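Visitor: I would like to go through this one label by label. Please set each value against its cut-off.

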Amino acid sequence: MTIEQFCQRRFPSVTPQQPLVDAAKAMRDEGVSAIVAVEGGRPVGILTNRDIVVRAVLEGRDLFTTPVGAIMSPNVLCARDSDRLDELISEMRQANVRRMPVVDTTGAAVGLVTLDDLFALLESSV
């Protein structure tokens, strides 16, 4: 199975220039714990609800003026939509990440894979 057949095609995103409050609202509205930061359609970072708490709230940053880019994890590791699922799992384990944006051959963000998605797939095949 390739990642293209499995990944979530609908996922929330923000730009690094948007304020943190926009990212937090999008995460709340979509019921997710992470959001992909994109620029020109390409993933440039990832931001989690934990990042917002630890890197912004606890440091006293203003959520209405601090841009996503100030606290997101940059240089996000991405999977290609043509990769096999076993390759993805290996990469996620080696990098110790719980979520990974998926890109096409042009580098454009086309999906997102999370550990929860992988657990659901495993559960359905048991």
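Visitor: What makes the contact between R61 and E59 a salt bridge?

Guide: In this predicted model, the side chains of R61 and E59 come to 3.2 Å, N to O. The cut-off is within 4 Å, between a side-chain nitrogen of Lys or Arg and a carboxyl oxygen of Asp or Glu. The pair therefore counts as a salt bridge.

Visitor: Why is E59 called exposed?

Guide: E59 has a relative accessible area of 51%. Exposed means over 50%, so E59 qualifies. R61, at 33%, counts as partly exposed.

Visitor: How many salt bridges does the rule give?

Guide: Six. One of them joins E87 and R84, with the closest N and O atoms 3.4 Å apart. R84, D86 and E87 are linked in a network of salt bridges.

Visitor: Why are E87 and R84 called partly exposed?

Guide: E87 has a relative accessible area of 30%, and R84 has 43%.

Visitor: What makes D51 and R55 a salt bridge?

Guide: Their side chains meet at 3.7 Å, N to O. The limit is 4 Å, so the pair passes. D51 and R55 are four residues apart in helix α3, about one helical turn.

Visitor: Is D51 buried or exposed?

Guide: Its relative accessibility is 9%. Buried means under 20%, so D51 counts as buried. R55, at 31%, counts as partly exposed.

Visitor: Which backbone nitrogen lies 2.9 Å from a polar atom of the D51 side chain?

Guide: That of T48. Leaving aside neighbours within four places in sequence, D51 is also in contact with I46, A56, I71 and S73.

Visitor: Where does α3 pack?

Guide: On the sheet, touching β3 and β4. The direction of α3 makes about 70° with that of β3.

Visitor: How do you know that β2 and β3 pair?

Guide: They share six bridges, in the antiparallel sense. Pairing needs at least two, so these strands pair. In β3, I46 is the bridge partner of V36.

Visitor: What is the order of the sheet?

Guide: The open sheet runs β1-β2-β3-β4, with mixed pairing. What makes β1 and β4 edge strands is that each has a single partner strand, so one side of each is left without a neighbour in the sheet.

Visitor: Which residues touch the most other members of the largest nonpolar core?

Guide: L20, A23, M27, I35, L47, V68 and I71, out of 13 residues. Helix α2 gives the most to this core, with four residues.

Note on methods
Residues numbered from 1 in each chain as written. Predicted model: local features only at pLDDT ≥ 70, side-chain atom pairs only at ≥ 80, totals over all residues. Heavy atoms only, no water. Core = buried A, V, L, I, M, F, W, Y, C linked by side-chain atoms within 4.5 Å. Buried < 20%, exposed > 50% of the residue type's maximum accessible area, 1.4 Å probe, protein only. Polar contact = N/O pair within 3.5 Å; in protein donor to acceptor, adjacent residues only side chain to side chain. Contact = heavy atoms within 4.5 Å. Axes fitted to C-alpha atoms, helices over the stretch in contact; angles between N-to-C directions.
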